[in-house]
Amino acid sequence: MAGFVDAPRASVEEADRVLEELGARLTEALAHRRRSLLGSWQEAGTDTEQLRLALRDYRELADRLMRL
């Protein structure tokens with residue numbers, strides 16, 4: 001808080017940089033998870049159970065993202 005009082009603009013600029021970095025990390029983590037999901041069902045071929053599990057995992061991930 002003292003940083004904001006002494007330099008409010010610098011504090012907001014720092015908050016913006018932190019949010020940008022967190023967004024980049026989230027994007028990277030999401031891309032990694034998507035690659036993992038993609039590999040799980042592409043390797044499954046026509047195995048219906050593996051495809052069902054992959055769909056469940058996609059749905060769970062999408063639900064989690066929607067709650068952000």
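Trainee: How does Leu-30 count at 33% relative accessibility?

Mentor: Leu-30 counts as partly exposed, because its relative accessibility is 33% (buried is under 20% relative accessible area, exposed over 50%, partly exposed in between, with a 1.4 Å probe and protein chains only). Leu-30 lies in helix α2, residues 8–42 (helices are DSSP runs of H or I, at least four residues, numbered from the N terminus). Bear in mind that this is a predicted model, where local features need pLDDT of at least 70 and side-chain atom pairs 80 or more, while totals for chains, interfaces and linings use all residues. Numbering runs from 1 along each chain, and side-chain values use heavy atoms, without hydrogens or water.

Trainee: What span should α3 have, going by its 19 residues?

Mentor: Take 1.5 Å times one less than the number of residues. For α3 that gives 27 Å, and its end C-alpha atoms are 27 Å apart, so the two agree.

Trainee: Which residues of α3 are buried?

Mentor: An α-helix has 3.6 residues a turn, so residues three or four places apart point the same way. Here the buried ones are Ala-54, Asp-57 and Leu-61. They sit on the same side of α3, because their arc around the axis is only 60 degrees (taken from the directions from the axis to the C-beta atoms). Thr-48 and Met-66, on the other side, are exposed.

Trainee: What do the buried residues of α3 pack against?

Mentor: They pack against α2. Take Asp-57, in α3 (residues 48–66): at 19% relative accessible area, it is buried. Beyond residues up to four places away in sequence, Asp-57 touches Arg-33 and Leu-37 (contact means heavy atoms within 4.5 Å).

Technical notes: Helix = DSSP H or I, 4+ residues; strand = E, 2+ residues; numbered from the N terminus.
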